[in-house]
Amino acid sequence: MTKSMEGNLERMGRQPLDGEPDYEAMWNRIEAQLVQKNQQERASHRGISRHKKKVLVLVASVSILAALPAMAAVNGSWDSLWNGRSSLNAIEQGLGDRLDQTVTSGDIPVTLNGVATDDQRMNMLLTMNVSGLPAYDAIEFERSELSEGKNKAEHIQVQLKQEQGQGRLFGLATVQNKLGEERKSYQLTLENVVFYQYRSFPLDLIPVESQDKKAALSGTPVSSVEMTSVIREGNVFTVRYKLSGVNLEAVANPHLVLTSGGQVIKEMYAAVLPSEDPNVIVRQSNFEISDADLKKARFELSALEESGRKEGRWNFAFEADGKKAAQAMFAVKLNPTDDANDSMMKFTEMVVTPLEIRLMYEEGGRFPEPGVPLVNYDSVKLIVDGREMDSGSGFWTTKDGRFYRRFELPQWYEQKDWRNVPVKVILSGKKVQERANKNHLLELVQPAAERKTVKTELHGTSVEFTYYKKGKDLIVESSSSDPSFGGITQSYLDMKGERKFPEMNPNPPGGNGTNHKTERYVNVPEGDLKLNPFLYQWVDPKARVELNLR
Amino acid sequence: MKSNRDLFEAYKQDVYKLCRYMTNNGADAEDICQEVFIKAFGQDRNRVTEEKAWLLRIAANLCRNHYNRKKRGAHKEIRSVFLMKPSMPAQPEDEVVRQEQSNEFAQLLEGLPVKLRTALTLRYGNGLSLEEVAQIMEIPLGTVKSRIHKGLALMRKKMESQESYNRKGEKCFD
């Protein structure tokens with residue numbers, strides 16, 4: 001190769017690319033996907049994020065347990081902690097290490113019962129005998145770290161749950177597994193058990209009249225609340241608000257609570273939206289509430305504050321062996337023709353580890369084309385050897401970007417020949433994302449301050465669009481009385497062949513309880529406009545797909 | 001540690017460039033570029049010391065996965081619906097796959113095996129050193145040199161077959 005050829009290639013490589021993308025639009029899409037992903041991961045994790053380095057665990061929280069897979073009821077232990085039963089089974093089958101080390105500090109004995117691993121995780125099972133536990137909404141170790149050799153200690157996530165009626169806590173600490181097939185020595189350090197309770201602060205804000213209102217607070221861990229959006233549709237009340245001056249060292253999970261007649265109105269859905277400032281929290285909440293109750297409703301600010309603690313420091317030294325677990329793993333390729341289905345998930349492999357079953361899949365497509373919808377199923381159940389397992393609502397990805405659903409093992413099938421174990425997948429909760437043809441244009445005649453409507457049909461369903469101007473901005477509200485219509489995801493204005501998109505307005509995953517969508521087009525020109533419904537969803541809750549994978 | 005936005009602003013063009021040369025399709029490149037940052041932001045980057053190399057490694061892996069999917073024909077390629085091409089209003093926007101070969105370098109890369117293409121793109125498209133390419137692809141330096149060498153040999157044949165690249169007295173030999 002001569003230098004001239006290299007020079008030529010370097011020159012060519014420096015040539016500007018033909019048509020770089022709209023990076024700002026790309027960033028908006030990235031932010032929207034991160035919000036959605038964050039919410040899906042929260043539904044599968046057991047905990048509340050205080051800030052990036054700490055995790056709190058809610059005890060007996062219905063919203064968290066709702067995302068857990070169904071398990072047969074057994075004696076209270078680690079069963080209701082995610083991966084607890086599998087970890088215990090793995091240890092009892094000899095695939096993990098039974099430790100039973102007890103350390104007492106401040107009169108509190110903590111036992112490290114055992115450790116179980118697979119290729120991705122190392123789980124440590126703990127118990128703690130504590131008499132006279134105070135009432136609490138959340139609990140954590142103030143410090144929980146794992147170190148190996150001279151490497152820097154890393155913070156680890158610990159789930160804690162109280163055994164009913166007894167002064168005993170069951171704990172499961174999880175960390176990314178870096179064992180490989182080696183045997184390594186570790187130090188686990190736990191310090192101070194801290195209890196938290198929600199504390200409420202009244203707000204001088206009347207919910208139905210709170211649009212664009214701001215309330216300053218004093219003597220609270222948040223300095224102000226600003227309501228940036230308030231929408232009432234049917235019996236759903238949706239608010240978006242900004243909490244400023246949040247003291248993250250003093251509180252966790254600050255949020256608004258809606259009360260009416262002394263009763264708390266539970267959030268249907270909630271999303272924490274992106275914020276560049278760590279002391280500013282932007283949040284959106286949806287409440288289902290009648291007109292009568294909404295009229296007399298009030299807002300409160302609620303946040304978790306420390307309500308008690310048990311001082312102590314517990315150090316454990318132990319060894320963990322990755323070889324046993326690595327040798328016990330099975331991977332079974334799946335036949336694509338067996339699992340052909342209309343969804344985006346193409347199941348490629350089933351991986352069985354001592355801690356879980358993973359159903360690996362490739363996800364086809366990112367966006368729908370006209371006539372080529374994207375189909376997804378909310379529920380993925382696995383039936384192995386006649387036993388049903390639910391993966392919950394979340395999906396997971398490996399380090400190299402492969403998708404999978406997780407299922408907790410009801411028991412360890414060590415003696416089974418996995419090549420012959422019958423496996424079935426049941427998909428249900430069908431959701432379809434479709435794209436309207438580019439010629440599907442609705443005439444918006446001279447948009448002005450008064451509301452006008454135009455109707456169209458999408459997937460055989462009548463959908464109504466109400467449009468009006470607010471200053472120079474155009475507001476488009478869409479909805480359908482047909483419950484199978486899932487709502488407009490995003491529309492656009494056709495401006496002589498170019499597309500103008502509305503402001504980003506993400507919904508929490510699963511929607512806001514209605515198929516109503518409000519979109520704002522900033523600074524539109526005067527005169528007639530053309531609207532394309534673009535991306536929309538419809539649902540079929542009765543659809544069910546059964547796949548015999550083996 | 002940079003914020004997500006800062007990270008995106010600092011490396012969006014490097015990542016897009018790699019994706020574009022690897023896929024030779026603007027819509028696919030945009031999809032993958034977006035996916036790179038979504039994956040990166042979901043990972044713990046406290047221990048990442050070289051952000052550019054780390055991002056390009058994610059990008060190279062996703063491009064390789066994309067290439068393998070296309071090769072298997074398992075999925076119909078789906079065009080990014082957000083792709084706006086104001087400079088080409090006459091193009092039918094619903095075409096599923098469109099090859100964009102207006103760039104000389106992209107033309108030479110076309111058809112090369114994915115491993116060679118990756119090494120050449122990182123070296124000449126992204127302007128990285130051989131050591132940096134080795135780090136990103138997680139292969140020995142010798143392997144990088146070998147892949148570059150093989151890729152250049154294939155490119156040379158292409159170049160020689162194009163009249164504009166034939167210059168008197170400048171034929172390249174191994």
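User: What does Asn113(A) touch, not counting residues up to four places away in sequence?

Analyst: Asn113(A) touches Trp78(A), Arg98(A), Leu99(A), Asp100(A), Leu125(A), Leu126(A) and Thr127(A), leaving out residues up to four places away in sequence. Contact means heavy atoms within 4.5 Å. A word on the source: this is a predicted model, where local features need pLDDT of at least 70 and side-chain atom pairs count only at pLDDT 80 or more, while totals for chains, interfaces and linings use all residues. Residues are numbered from 1 along each chain as its sequence is written, chains are lettered from A and ligands numbered from 1 in the order in which they are written, and side-chain values use heavy atoms, with hydrogens and water left out.

User: Why is Asn113(A) called buried?

Analyst: Its relative accessibility is 15%. Buried means under 20% relative accessible area, exposed over 50%, and partly exposed in between (1.4 Å probe, protein chains only). Asn113(A) therefore counts as buried.

User: What makes the link between the side chains of Asn113(A) and Thr127(A) a polar contact?

Analyst: Their side chains are joined at 3.2 Å. The term needs a pair of N or O atoms within 3.5 Å; within protein, one must be able to donate a hydrogen and the other to accept it, and residues adjacent in sequence count only if both atoms are side-chain atoms.

User: Where in chain A is Asn113(A) found?

Analyst: In strand 4, residues 108-117. Strands (E, at least two residues) and helices (H or I, at least four) are DSSP runs, numbered from the N terminus.

User: How do you know that strand 29 and strand 30 of chain A pair?

Analyst: Two strands pair if DSSP finds at least two bridges between them. Strand 29 (461-470) and strand 30 (473-479) of chain A have 7 bridges, in the antiparallel sense. Both belong to an open sheet of 4 strands with the order 28-29-30-33.

User: Why do strand 28 and strand 33 of chain A stand at the edges?

Analyst: Each has a single partner strand, so one side of each is left without a neighbour in the sheet.

User: What makes helix 1 of chain B oblique to helix 2 of chain B?

Analyst: The two helices pack at about 140°, with axes 8 Å apart. Angles under 35 degrees count as roughly parallel, over 145 as roughly antiparallel, 65 to 115 as roughly perpendicular and the rest as oblique. So helix 1 of chain B is oblique to helix 2 of chain B.

Conventions
Axes fitted to C-alpha atoms, helices over the stretch in contact; angles between N-to-C directions.
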